[in-house]
Amino acid sequence: MTAQLALDDAGLRRLLHGLPPVDQVGADARAAKLGTRSIKTTAKAEALDLAVRMVDLTTLEGADTPGKVRALCAKGIRPEPDQPDCPSVAAICVYGDMVETAKAALAGSGVKVAAVATAFPSGRAPLAVKLADTAAAVEAGADEIDMVIDRGAFLAGRYGAVAEEIAAVKEACRTGGHDAHLKVILETGELATYDNVKRASWLAMLSGADFIKTSTGKVSPAATLPVTLLMLESVRDFRAQTGRQVGVKPAGGIRTAKDAIKYLVTVNETAGPDWLDPDWFRFGASSLLNDLLLQRRKLATGVYSGPDYVTVD
Amino acid sequence: MFEYAPAPESRSVVDLKPSYGLFVGGEFVEGSGGAFKSVNPATEEVLAEVALADAADVDRAVAVARKAYDEVWSRMPGAERAKYIYRIARIIQERARELAVLESLDNGKPIRESRDVDIPLAAAHFFYYAGWADKLGYANLGPDPKPLGVAGQVIPWNFPLLMLAWKVAPALACGNTVVLKPAETTPLTALLFAEICQQADLPPGVVNILTGAGATGAALVAHPGVDKVAFTGSTEVGRMIAKQVAGTSKKVTLELGGKAANLVFDDAPLEQAIEGIVDGIFFNQGHVCCAGSRLLVQESVAEEVVDRLRERMKTLRVGDPLDKNTDLGAINSAEQLARIRTLTEAGEAEGATRWSPPCELPERGFFFAPTIFTGVSQAHRIAREEIFGPVLSVLTFRTPAEAVEKANNTAYGLSAGVWTDKGSRILWLAQRMRAGVVWANTFNRFDPTSPFGGYKESGYGREGGRHGLEAYLDV
């Protein structure tokens with residue numbers, strides 16, 4: 001597996017279709033079984049804090065305003081104003097035009113700015129537009145770029161086009177001497193089969209992705225545990241074969257601490273503890289953080305507090 | 001590393017009595033053969049004292065069962081019998097947690113398996129056969145099949161309540177009455193099941209439970225008042241039973257040992273195959289007669305499969321069966337542990353390479369680390385004898401024909417597994433495997449609607465499904 005591989009459609013097809021197939025029933029069963037691990041007391045406290053540190057706190061609405069983004073940044077830096085031991089989230093994820101606002105609001109906090117680019121969420125725009133979109137976000141200060149792949153090209157078997165586009169966007173991440181991390185969104189809900197999820201994961205990794213991400217959050221189903229399991233297996237095998245470690249980000253639909261902990265267990269028992277770090281695993285979520293905070297309080301005080309005890313930002 | 005804090009299931013849901021009698025005629029009665037102790041294999045603590053049934057107790061139970069058969073159960077319309085069986089199924093569901101904890105205490109199996117597999121499947125068997133009770137004429141076994149009479153049933157210690165359900169549910173649905181002997185080391189859930197029969201208002205004598213050891217089982221099987229013998233256990237005991245009932249009018253079904261082949265081809269969904277191998281041999285500590293204890297891997301992927309399997313085995317958690325995160329619990333008894341040790345030592349002595357992941361075993365109780373042997377040949381004892389423990393023998397093959405030949409080269413024939421992405425190969429193999437069940441891209445999957453049983457020294461007769469009715473009907 002080197003970059004010397006022929007990146008034409010036929011060469012990529014041979015490579016991707018040569019990966020061991022996935023049996024859907026078995027993959028679902030494995031994910032369900034991992035979901036029954038019972039994480040309590042100290043392990044739960046550790047998991048909740050880790051999950052908070054892995055959150056890409058996200059707002060991707062047409063109605064986003066600078067005020068909304070600034071409020072979200074404040075929450076991301078200090079999720080629990082009265083509990084200084086509560087960690088910050090990993091990043092704030094916004095549309096490209098909000099990068100400057102977010103960057104200013106997060107200055108000095110260590111919280112990263114992630115921007116969705118490449119005509120998110122459909123990705124249906126000419127390559128030049130996608131690259132310009134990416135470059136603009138990078139120049140505005142985005143630390144991380146979340147790009148969408150061309151699902152149409154992928155489903156049509158035009159793997160070369162998908163690979164070239166990812167490589168070109170990765171190049172655009174280096175605009176102006178920056179080096180933004182590239183998260184490649186596979187939009188697994190549109191890929192239809194688990195074999196496709198696995199192939200798309202490898203295609204993205206071979207093309208230079210720093211992270212592979214399940215979904216935009218705009219398509220149902222978004223992140224699922226079995227799909228995340230497949231992606232974790234892929235990054236594990238990819239590192240074993242190439243030496244390069246790639247991160248994984250499930251996004252969309254993860255709303256409860258209980259679900260987040262199931263994902264962490266899956267990371268732990270699939271890719272391994274090396275991935276249990278915000279550098280290598282993220283949750284793309286908007287409402288997950290509040291449930292993590294409520295569960296954190298429950299663990300500390302022994303009683304449940306209501307939704308009014310966490311902020312709505 | 002992300003350490004999982006212990007997540008123990010509470011024992012308080014189980015109300016253990018210091019001693020238990022026999023269940024005969026709808027009541028708990030004293031036995032005349034003394035008593036024995038049932039211990040928790042994970043801690044070696046004594047859980048309860050249980051009555052030992054002798055020949056006189058067997059006489060009494062069979063007589064009571066005969067009376068219940070003649071006067072009540074065989075005369076009752078199928079739809080009425082179904083109501084009782086449905087009621088039992090629902091009570092099993094309602095008391096699932098209690099049953100699961102008791103099963104794990106007495107047997108040593110992890111709570112996640114008793115909770116997620118044993119008890120739900122036991123309830124499912126009662127639900128399924130309740131549905132047949134008033135439809136026996138439509139089971140393609142003749143227009144008006146009749147029950148056989150009194151069924152003497154002897155069950156093993158690996159799935160105590162589930163094996164009880166496999167035996168009792170079809171027997172009752174078909175109109176037979178039952179005298180059942182649970183295994184010596186795991187009698188407690190059967191006694192709780194007796195309470196469930198009381199709770200369901202099952203007519204007295206329809207289900208009778210005699211606790212005891214081998215002699216009790218032998219007396220039951222030999223009793224002239226028994227019309228049908230059903231046994232699950234070792235091939236050795238199965239042979240004795242077959243000899244004992246030969247020449248009598250008793251109907252017999254035997255579910256005996258196994259040494260199943262699990263075949264992995266080079267085009268298999270590898271990740272799922274690894275899970276299937278793990279499920280196949282480490283489920284229930286390998287105390288499974290249909291366990292996939294012989295892994296046959298195509299040579300071209302053998303190294304990769306074994307490497308991945310070793311990595312996966314490092315995540316298996318061995319220890320306290322009541323911890324919800326335990327994957328492998330305790331070996332059921334000291335005797336069984338000794339047998340596993342003997343056979344694994346033989347494996348090393350014969351030149352196979354032994355490997356276990358690093359894991360700390362509890363100091364008390366009977367535990368054995370998950371183990372694989374590579375470099376195994378068909379001539380090794382560990383490739384031929386049933387170990388009945390978490391020990392996998394890895395062999396290789398080069399072609400599909402060789403795979404079939406090696407898979408069938410065994411005295412047993414209960415189950416087999418095949419992992420390949422090719423549908424045509426699955427069908428080709430299923431036709432050639434001499435095994436009662438062939439699983440494709442899965443393993444150890446049980447369902448009340450699916451018949452189960454073996455070839456050769458794995459026994460005869462089928463349990464489960466429509467076929468399972470035949471064993472309890474005069475057709």
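**Interface**

I began with polar contacts, meaning a pair of N or O atoms within 3.5 Å; within protein, one must be able to donate a hydrogen and the other to accept it, and residues adjacent in sequence count only if both atoms are side-chain atoms. Across the interface of chain A and chain B I found 12 residue pairs in polar contact, both residues at pLDDT 80 or more.

I note that this is a predicted model, in which local features need pLDDT of at least 70, side-chain atom pairs count only at pLDDT 80 or more, and totals for chains, interfaces and linings use all residues. Residues are numbered from 1 along each chain as its sequence is written, chains are lettered from A and ligands numbered from 1 in the order in which they are written, and side-chain values use heavy atoms, with hydrogens and water left out.

The largest share, five residues, comes from α3(A).

I sorted that side of chain A by residue type: 11 nonpolar, six polar and 10 charged. Here Ala, Val, Leu, Ile, Met, Phe, Trp, Tyr, Cys and Pro count as nonpolar, Asp, Glu, Lys and Arg as charged, and the others, Gly among them, as polar.

Next I looked up salt bridges (a side-chain nitrogen of Lys or Arg within 4 Å of a carboxyl oxygen of Asp or Glu). The rule finds five across this interface. I looked at the pair A:Arg236 and B:Glu271, whose closest N and O atoms are 2.9 Å apart.

Then the totals. Each chain puts 27 residues into the contact, where contact means heavy atoms within 4.5 Å. Chains A and B bury about 2,300 Å² between them, 49% of it on carbon and sulfur atoms. Buried area is the accessible area (1.4 Å probe) that two parts lose on being put together, summed over both.

**Cores**

I looked for nonpolar cores: sets of buried Ala, Val, Leu, Ile, Met, Phe, Trp, Tyr and Cys residues joined through side-chain atoms within 4.5 Å. Buried means under 20% relative accessible area, exposed over 50%, partly exposed in between (1.4 Å probe, protein chains only).

The largest core has 114 residues. Those with the most contacts inside it are B:Phe126, B:Leu164, B:Phe193, B:Ile209 and B:Val264. Helix α5 (residues 160–173) of chain B gives the most to this core, 11 residues. I checked what B:Phe126 touches beyond four places in sequence; B:Ile85, B:Ile92, B:Leu164, B:Val168 and B:Phe193 are among them. Another core, of 96 residues, lies apart from it and includes A:Ala47, A:Ala142, A:Ile254 and A:Phe281.

**Buried residues I looked up**

Where is A:Lys213 found? It sits in strand β6 (residues 211–213) of chain A. A:Lys213 is buried, at a relative accessible area of 3%. A:Lys213 and A:Asp146 are 67 residues apart in sequence, yet their C-alpha atoms are 8.3 Å apart. The two residues are in contact; A:Glu187, A:Met231 and A:Lys249 are also among the contacts of A:Lys213 beyond four places in sequence.

A:Gln245 lies in the loop between α11 and β7 (247–249) of chain A. It is buried, with 18% relative accessible area. Its side chain makes a polar contact with the side chain of A:Arg239 at 3.0 Å. A:Gln245 also touches A:Asp274, A:Trp275 and A:Trp280.

B:Gly389 is in the loop between α12 (381–384) and β16 (391–397) of chain B. Is B:Gly389 buried or exposed? It counts as buried, at 2% relative accessibility. Its contacts beyond four places in sequence include B:Ile281, B:His287 and B:Ile340.

**Backbone**

I logged a cis peptide bond from A:Phe120 to A:Pro121, omega near 0 degrees. A:Pro121 is in the loop between β3 (112–116) and α6 (127–139) of chain A. A:Ala119 is found in the loop between β3 and α6, and its phi is positive, near 60 degrees.

I logged another cis bond from A:Ser220 to A:Pro221. A:Pro221 lies in the loop between β6 and α11 of chain A.

In chain B, phi of B:Asn441 is positive, near 55 degrees. B:Asn441 lies in the loop between β18 (437–440) and β19 (459–460), and at 13% relative accessibility it counts as buried.

Note on methods:
Helices (H or I, at least four residues) and strands (E, at least two) are DSSP runs, numbered from the N terminus.
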